[in-house]
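Reader: Please pick one position and give me a close look at it. Then go on from there to the other parts that deserve attention.

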Amino acid sequence: MFTIKDILKGLSRWSGSAKGRSFKELFKLFREILQLNSTILDQIAAANQILGGDFVFDKHFIEDFVDKLSTNVQKLIFTLNEMVPGKYEGLIEAYQKIESDIISILEGRYIGVAKNILFYDEIKKWDEDSVGGKNAFLCQLKSNLGIQIPRGFAVTFYAYQRFLQRNDLHEKINRILETLDSNDLTIKDAAQMIQDEILKADIPSDLKHDIKDATAKLKKQIGPNPLMAVRSSAYGEDSEHSFAGLYESVIGVNEHGISDAYKRVIASTFNPSALEYRRKIGFKEDEILMAAGCQELINSKVSGVIYSLNPSDPVSDTMIISSNWGIGGLIVSGRTTGDTFYVDRKTQKISSIQISWKDKKRQLVDQKRLDIVEVDEELKDKPSLSLGQIKQLAQCALDIERYFKKPQDIEFAIADGGIVILQTRPLRIKYRAGLYPKGLSELGKKHKVLIEDRGVTVQEGVGIGEVHVLGPGDDLDKVPKGAIVVTKYASPRLAPLMSKVSGLVTEIGAVTGHLATICREYALPALFNVSGAISILQDKGLVTLDAADRKIYQGEVKELFFFNLEQEKITESYEYRLLRRILRKIEPLTLVDPTDTHFKPENCETFHDITRFVHEKAVEALVNLHFAGISTKDASVKRLKWDIPLDLVIIDIGGGLEEPTPPDSATVTPELIRSIPLKALIRGLKCPGAWDSSPVSIDASSFMASLTRTFSAEHMDPKSLGQNLAVISSHYVNLSLRLGYHFTIVDSYLSEKIRENYIYFRFFGGVTEAERRSRRAKLIEEVLAYYDFMVETRGDLVVARIKRLNRPEMEKRLYLIGILIGFTRQLDVMMINDTRINDFKDKIYELMEMKNE
Amino acid sequence: MSEKNISILILDDEPIVAKRLQPALEKKGYQVESFTKSSQALERVREQKFDIVITDLKMEGISGMEFLEKVKNLWPETEVIVITGFATMETAKESFKKGVFDFLAKPFKLSEIIEIVKKAEERIKRKKAPE
């Protein structure tokens, strides 16, 4: 393993640039970087694959993984430093920071964002570690399912810890708990003492300030004098242990009362039942973290609770909806149970109703305070929900359950704007032990098995739904919620579906690919590489997918569904959570745009960022060094002689050109190119029609005008003239094109070894206004996504990547890029409206089809 | 149904292993008990014969190697499957010498261990068949 000392020694070995080094030397280092890059991404993908639930691993495995990965990332930084000594020292610091965070996580210390406040709109799935499950789950409803939630913000764990530290509360709490241990105190007294300490403590001034600012910002959205609800959201509350309902929510506080309500929520962390429960399950008091959610109070006409599955009789396959008039539905009614509706989950029809006498309700009085008032006489014995509302609520509950893959306990409110979900958490279902497993080994006798022992498990789980076969060009919006999607390729373009369907079956797909990662993120049952899936499952209607067992049954297999509910989700166990938390410091890519000023070593937040940064800079070093006057004595430099209006200089650093090329000749013809990826690109560039950008009737004169404008020297930086460069070897190409205002980079390694194959494509620029340019970016994005690239688009920048396809498939995609470069070079000029995107897309597909013929 | 009533004991000091294996094997119709402490597992084995024992090697207290030796002494018919995160050729060799049915390095796929359990089950049935 490298030490930091080694790296620093490496840094001082050379200073400044790598001038004087030959392309061959640099290319050797570059190849090392590519290989490390590939190994690191492999390791990350393998660790992610394990999260699918199909592997058995323990903590030792996680430690081992981190150790090996970390060593490779160090080597990567070291190798880049050999290419461009001393240029990116900030990488070491970034690396050390990430490494130390990972060690902290491994040692069980909490790592979250170092901010007091996060707004609901900015909270992401993984922010559960910063704002608690309750806040994070709620925000996912909005961002992933489009369900209405109250507007609001979270006060983070970071704020909680600082509040405790500032007031020496950790020490005070520990002292009280020690007294409790020595039996000199009752739990009730101890709880009271701790709560008193919290309530009289001061909120740090910056936190007070941040809460005030956040409230002011919220007021701009929801109006002056808002009433708020302040809710608890504890760490780990909703996963392994059931702290549900142990903590306090404060409903109906005005903006000046938020700080006090916050303290009450924090104090409730130490109420007697919570203390007792934690002691029972062996949860340490310093493991506790409490965040709060500050939400607008929804002025609801009706409110209540949904259990998406009847917990006392799950087999009945019904859900329970309870409701009452007014705000905070059932909380108010110690006196009444409210109305109860039992709803069939399949048909969403009511199977039984209990309407109670509802004489009191809580409601907003004078628009500024909550009070309990008498219900209007004629409403007291009326059902508080209409049939339509019940159906909507049931549908919403099933969507939420499908998303979280677990029955849910949901709090809702109905106001003028419709249904608003206030909270959702997993519902604990108790079964009679061993009721289901007995018959499970013989399911095949009762249910027709459509597919058995085919494919690989990407994410375990049971999904029940109607088969929906999805073709390559099909509209994703037309896929019904809850479907079992069956498709040919596990293309990244399917990602938006993964939060709303019940299962995914593909005929071809990489278990370590992007879509597989997304399936695991949403715990979506998924099977890849199921040969013949489309023809077998087409027209089969309702099916049950058991991804762990690699089986698909005709119809609904209830036993499996219930068996799955009964199990504690393995993906919720400690090791899975630990690995997921560690991967958050490793896997996400936050540095996307290499042209952004943010693209700097110090902004690398994950190992993936570092890997990406190093790759980008290694490519850049290779290209720039030529212009910096690097010795090319051991490389052959030629100008490409062809009839395409693209002036290309080729630098061959080994085996990229046919031998012998006439040594004196300054030019080379396309026929003499041996580099596998450049050959494929050139075929695309030469594709008849690629440089003829008039696929539909367009204004030819304006096209010609734009063409000449772009090529005219007055718009060009003199330095960029003739800077179209391809650095090649037998299996590699790095093509950088600077055509006027268009910048394109293609970096590709291509051989018979699938594992090493990749294409990286970057495109941006244009001469027209931003709107047209981004239309073109959208066209390129859609075309590339259609051909299974992973694409990121920001404005007029497109970055696309694809890895690990076999040589013919890769060549096909390089051919596509060749077409795209030629075809779209001027297209922004013609992107006068959105329908043009489709016209041009069809033309490109047509050109690709022609290739196949 | 009765032909599937093979009993399995799982011993691993990392709770996640049993947590993962037990339901998966139960789903296949096996009777499964699991332990995280080797002393307790040993007590249980003394009371009752299990058809298959799945054990980790590296544990506090009685090591997996000792445990499997004791199991084999008590019940020579029991098929033992070793799972370990510290797999070396030596440990593999040693455990095979002690009559282990198969050896699996962590992390492994559920389908892999189920396959091995199935093979162990077949062998048990073959042995019983002539009677």
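**A close look**

Author: A:Lys405 is buried, with 20 other C-beta atoms within 10 Å. A residue is called buried if 20 or more other C-beta atoms lie within 10 Å of its own, exposed if 12 or fewer, and partly exposed in between, with C-beta atoms placed from the backbone. This is a predicted model, in which local features need pLDDT of at least 70 and side-chain atom pairs count only at pLDDT 80 or more, while totals for chains, interfaces and linings use all residues. Residues are numbered from 1 along each chain as its sequence is written, and chains are lettered from A and ligands numbered from 1 in the order in which they are written.

A:Lys405 sits in the loop between helix H12 (387–404) and strand E13 (408–415) of chain A. Helices (H or I, at least four residues) and strands (E, at least two) are DSSP runs, numbered from the N terminus. The phi of A:Lys405 is positive, about 60°, although the residue is not a glycine. A:Asp168 also has a positive phi, near 50°, and is likewise a residue other than glycine. A:Asp168 belongs to the loop between helix H6 (157–166) and helix H7 (169–181) of chain A. A:Asp168 is exposed, with 11 other C-beta atoms within 10 Å.

A further positive phi, near 55°, is that of A:Arg550, in the hairpin of E21(A) and E22(A), which has 4 residues between the strands. Strand E21 (residues 542–546) of chain A pairs with E22(A) in the antiparallel sense over 4 bridges; two strands pair if DSSP finds at least two bridges between them. Within that pair, A:Thr544 stands opposite A:Tyr553. Strand E22 (residues 551–554) of chain A is also joined by 3 bridges to strand E15 (residues 449–452) of chain A, and these two run antiparallel. There A:Glu452 stands opposite A:Lys551.

Another strand with two partners is E24(A). Strand E23 (residues 636–640) and strand E24 (residues 649–652) of chain A pair in the antiparallel sense over 4 bridges, and A:Arg639 has A:Val649 as its bridge partner in E24(A). With strand E26 (residues 725–729) of chain A, E24(A) pairs in the parallel sense, again over 4 bridges. A:Ile651 is opposite A:Val727 in E26(A).

Next come two helices. Helix H5 (residues 128–145) of chain A has 18 residues, but its end C-alpha atoms are only 18 Å apart, short of the 26 Å that a straight helix would reach. That expected span is 1.5 Å times one less than the number of residues. H5(A) bends by about 80° at A:Lys134, the bend being the angle between axes fitted to the seven residues ending there and the seven starting there. Because 14 of the 18 residues of H5(A) are buried, H5(A) is largely enclosed by the rest of the structure. After H5(A) comes A:Gly146, with a positive phi near 70°. In helix H20 (residues 676–685) of chain A, 8 of the 10 residues are buried, so H20(A) too is largely enclosed by the rest of the structure. Among them are A:Ile676, A:Leu681 and A:Leu685.

The other chain meets chain A as follows. 19 residues of chain B are in contact with 19 residues of chain A; two residues are in contact if their C-beta atoms, placed from the backbone, lie within 7 Å. On the chain B side, two or more residues each come from helix H1 (15–27), strand E6 (108–109) and helix H5 (110–128) of chain B. H1(B) gives the largest share of that side, 8 residues. E6(B) and strand E1 (residues 55–56) of chain A pair in the antiparallel sense over 2 bridges, with A:Phe55 opposite B:Lys109. B:Pro107 lies in the loop between strand E5 (102–105) and E6 of chain B. The peptide bond from B:Lys106 to B:Pro107 is cis, with omega near -5°.

A:Lys59 is part of helix H3 (residues 59–83) of chain A. Leaving out residues up to four places away in sequence, A:Lys59 touches A:Glu575, A:Leu578 and B:Glu14. With 15 C-beta neighbours inside 10 Å, A:Lys59 counts as partly exposed.

As for chain A as a whole, its secondary structure comes to 25 helices and 31 strands, and 46% of its 853 residues count as buried.
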